[in-house]
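Subject: A structure for you to look at

Hello,

Here is the structure I promised to pass on. Have a look at it first, and then read my notes below.

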Amino acid sequence: MPILFEMHSLSASYGANTVLQDVNFTVNENDFIGVIGPNGGGKTTLLKVILGLLKPAKGTLIFNETLLNGNSIGYLPQLSTGDVNYPVTVTDIILSGLMIGKSIFSRMSSSDKLKAHTVIEELGLTGMSKSNLNELSGGQIQRVLLGRAIIGNPRLILLDEPGNFVDTTFENDFYEKLKDLNKRMAILMVSHDVGTISSHIKSFACVNRSLHYHPSPEITNEDLLAYGCPIQLVTHGDVPHTVLKYHK
Amino acid sequence: MEPNIFQYGFIIKGLLGAIFASITAGLAGTYVVSRRMVFLSGGITHASFGGIGIGYFIGINPVVGAAVFGIMSALGVEYLSVKQKIREDSAIGILWAFGMAIGIIFIYLTPGYTPNLMSYLFGSILTVSRADIIALGVMSVILILYFGIFYRTILYISFDEVYARTYSSYVDIFKYVTTSLVALTIVLNIRMAGVVLVISLLTIPPNIAMLFTRVYSKIVIWSIIAGFVGTATGYVISYYAGIPVGATIIFTLVIIWVLVRITTLLIMKLSKRRN
């Protein structure tokens, strides 16, 4: 399985505040990794480092340049980064995913617009191509942002809490869609909802200042304890139940 | 009174001024309104009054002084908001009043001739020179080229800056250049509408357009049209009624906003009833 990128003893910090320390992490083609961990544990920071938005303080991040570089990654940020009231249409937002690799002078060709049309159909957004985000539901907005992340057909997409603000039926559709996409691209997905994502992902990474990689989708409280990963663990049995654990 | 050559020149000046003011304010205003920079633009406007005062005091063209002050304060606030060391709205508030204070101090320190303060505060077509019109014309061409060539880049950076940073390393340059052009647009329009009113020249037309379209490029075009109708009508009314032109233009624009708002509401109600 070809490697997409590797991190070696990488640390990242905001000023004097070290958020990630000594992280070793490898992502391969067609991986579907769930990134879990407590709030403030460094999940989003990990994505920022991969995207090149934050320079590592120490260590290295090496891309397999034939497949991927820091500017060709699809990214679905947390909902809050864009302004939903901004006067920009769904089609134009999805097209912005093609700015990867285009020059600042570039215009969108008719084949670009056809691609946007295909993505809109594929994600069930037909009829909304001319809407602004403030006319859509939370689930539909997430699909538009997913569309922006995948229109360029990148080898890797990073998803930051895509389950937020989405109702359950929408969520299941969304994860089914991701399973499809995983056939052609690796996925790294930050989530706090371990129970829901565990049936979709292939492996876990727990981020809490350090990073522990867990090569199977099943994760137990013992694992979390060992990793020092104080998160909410939800499991599904005959009767759905929630186990809350706080680790020191 | 027979029309004479001065009156003719006055009409040409007014017409060209209205066209160029609408184009520059429409392009810059749509950016300002979409990016929610209205308060920042107000701060830039009032800070540039400091440049006007210093311009008079040291004997250079006050518009040049205003341009320097306007651009510097625009870049300063953008820079501060990136660094997030100071609350942006407080920084703008300080800049706003400080610029006005500097302006007043230096205008009163200027020996001899005291310029007509009212014309800078509220605008006056009588003080608009040929050079002002030419400057606005050049600015129109620059803005049309800039927004035309970099339309998508600017649109996407101002919609979602964080995402734009994932593929482009030009985000900050574009933010600084666009904000500087906005500052220059404001300064050049001060002669027309005045320090106090120029911000409405930028913000009312896009808000008229946004009553019936939500596509960025269409908002720009309709802003320019609405701006021209408001500006030209304002001129005519101000000429015949003998009232200050800046105030008349803003008043006319607000009336247009109200009329369009009522019309769109009526159309919505009618189409609902039909369904």
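How many of the 23 residues of helix 9 of chain B are buried? The count is 17, so this helix is largely enclosed by the rest of the structure. By buried I mean that 20 or more other C-beta atoms, placed from the backbone, lie within 10 Å of the residue's own; exposed means 12 or fewer, and partly exposed is in between. Helices (H or I, at least four residues) and strands (E, at least two) are DSSP runs, numbered from the N terminus.

Before going further, please note that this is a predicted model, in which local features need pLDDT of at least 70 and side-chain atom pairs count only at pLDDT 80 or more, while totals for chains, interfaces and linings use all residues. Residues are numbered from 1 along each chain as its sequence is written, and chains are lettered from A and ligands numbered from 1 in the order in which they are written.

Back to helix 9 of chain B. Its 23 residues reach 32 Å from first C-alpha to last, close to the 33 Å expected at 1.5 Å a residue (the expected span is 1.5 Å times one less than the number of residues). Just after this helix, Gly194(B) takes a positive phi of about 90 degrees.

Two residues are in contact if their C-beta atoms, placed from the backbone, lie within 7 Å. Beyond its neighbours within four places in sequence, Ile157(A) is in contact with residues including Ile73(A), Ala149(A), Ile150(A) and Met185(A).

Ala149(A) and Ile150(A) are among the buried residues of helix 4 of chain A. What covers them includes strand 5 (74-76), helix 3 (110-122) and strand 6 (156-160) of chain A.

Where the two chains meet, the contact takes 21 residues from chain A and 21 residues from chain B. The chain A side has 13 nonpolar, six polar and two charged residues; here Ala, Val, Leu, Ile, Met, Phe, Trp, Tyr, Cys and Pro count as nonpolar, Asp, Glu, Lys and Arg as charged, and the others, Gly among them, as polar.

Now to strand 1 of chain A. Eight bridges join it to strand 2 (residues 17-28) of chain A, and the two run antiparallel; strands pair if DSSP finds at least two bridges between them. They form a hairpin with two residues between them, where Gly15(A) in the turn has a positive phi of about 60 degrees. Strand 1 also pairs with strand 4 (residues 58-63) of chain A, in the antiparallel sense over five bridges, and Met7(A) stands opposite Leu61(A) there.

Two more residues are worth a look. Ser9(A), in strand 1 of chain A, has a positive phi of about 35 degrees although it is not a glycine. Glu161(A), in the loop between strand 6 and helix 5 of chain A, is not a glycine either and has a positive phi of about 50 degrees. Ser9(A) is exposed, with 12 other C-beta atoms within 10 Å, whereas Glu161(A) is buried, with 20.

Enjoy exploring!
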